[in-house]
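Subject: A structure for you to look at

Hello,

I am passing a structure on to you, and my notes on it follow below. Please open it first and keep it beside you as you read.

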Amino acid sequence: LALTGTNTIMVLSDMKLPSANPSEFKNLFTTASGTLFQDNNLIVEYKCDFDKHQGKIAMQFKGKSGPLTNVSLSIPSIAGVMFNISPINYAEHPQVIVLMLCNGLLQSYPMCKLSFMQGNVQRIADFGIPVSMQKFLRHVDLPEEKYHEFYEEFTNSNRAPYYRIDEFIKN
């Protein structure tokens with residue numbers, strides 16, 4: 001109830017941004033598509049869609065210094081979300097779809113490991129994907145008048161359906 005404003009994002013204090021792509025990662029918190037990662041050899045394009053407890057990510061991998069072959073993506077399990085990775089689709093650029101199911105509170109950001117061949121060279125890229133609890137939440141329009149009405153009733157009520165957090169969790 002204390003949060004105000006648009007695009008408010010709460011981040012658990014111990015959740016660190018991935019070191020490989022921090023600026024791209026931060027940019028994608030408030031948008032649904034863009035460049036997720038790039039280095040001298042690779043560009044990863046990202047697009048996401050979330051609906052309630054389910055999410056879908058599409059990634060496309062573009063080689064900067066030649067086409068990519070033998071592409072493999074893995075996402076290690078983390079608490080709070082399950083992943084289902086589709087087989088790589090070798091179109092003009094390799095593509096993959098990742099389905100997600102939120103089943104609890106996320107304690108860290110998911111990390112990807114992309115393995116690929118570029119020419120005769122085996123390469124690996126590690127990068128984070130911007131998936132947090134906020135992506136799985138649905139926006140609710142609540143007019144300011146209704147918010148204040150609810151807040152006043154909740155704050156000043158002794159009705160049974162309302163429990164103040166400081167009554168059952170002592171500081």
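**The S8–S9 hairpin**

Gly119 has a positive phi near 70° in the hairpin formed by S8 and S9, where two residues lie between the strands. Before going further, please note that this is a predicted model, in which local features need pLDDT of at least 70, side-chain atom pairs count only at pLDDT 80 or more, and totals for chains, interfaces and linings use all residues. Residues are numbered from 1 along each chain as its sequence is written, and side-chain values use heavy atoms, with hydrogens and water left out.

Strands here are DSSP runs (E, at least two residues), numbered from the N terminus. S8 pairs with strand S9 (residues 121-128) in the antiparallel sense, over eight bridges; two strands count as paired if DSSP finds at least two bridges between them. S8 itself covers residues 111-118, and it also pairs with strand S4 (residues 68-74), again in the antiparallel sense, over five bridges.

**Gln118**

Which residue of S9 is the bridge partner of Gln118? The partner is Val121. Gln118, which lies in strand S8, has a relative accessible area of 4% and is therefore buried (buried means under 20%, exposed over 50%, partly exposed in between, with a 1.4 Å probe and protein chains only). A polar atom of the Gln118 side chain lies 3.0 Å from the backbone oxygen of Gly66. Not counting residues up to four places away in sequence, Gln118 touches Asn41, Gly63, Lys64, Ser65, Gly66, Pro67, Leu68 and Arg123; contact means heavy atoms within 4.5 Å.

**The core**

The largest nonpolar core has 32 residues, and Met59, Phe61 and Phe127 have the most contacts inside it. A nonpolar core is a set of buried Ala, Val, Leu, Ile, Met, Phe, Trp, Tyr and Cys residues joined through side-chain atoms within 4.5 Å. Strands that each supply at least two of its residues include S1 (33-38), S2 (42-51), S3 (54-63) and S7 (94-102). S2 gives the largest share, five residues. In soluble globular proteins, nonpolar side chains tend to be buried together.

A search of the whole structure finds zero disulfides, a disulfide being a pair of cysteine sulfur atoms within 2.5 Å.

Lys52 has a phi near 55°, a positive value in a residue other than glycine. Lys52 sits in the loop between S2 and S3 and is partly exposed, at 46% relative accessible area. For Asn70, phi is near 45°, also positive in a residue other than glycine. Asn70 is found in strand S4 and is exposed, with a relative accessible area of 55%.

**Confidence**

The mean pLDDT of the chain is 82, and 81% of its residues reach 70 or more; pLDDT is the predictor's confidence in each residue, from 0 to 100. Over residues 7-11, pLDDT stays under 50, and the model has nine contacts beyond four places in sequence for them. Where pLDDT is low, the predicted coordinates should not be read in detail.

Best wishes

Key: Helix = DSSP H or I, 4+ residues; strand = E, 2+ residues; numbered from the N terminus. Polar contact = N/O pair within 3.5 Å; in protein donor to acceptor, adjacent residues only side chain to side chain.
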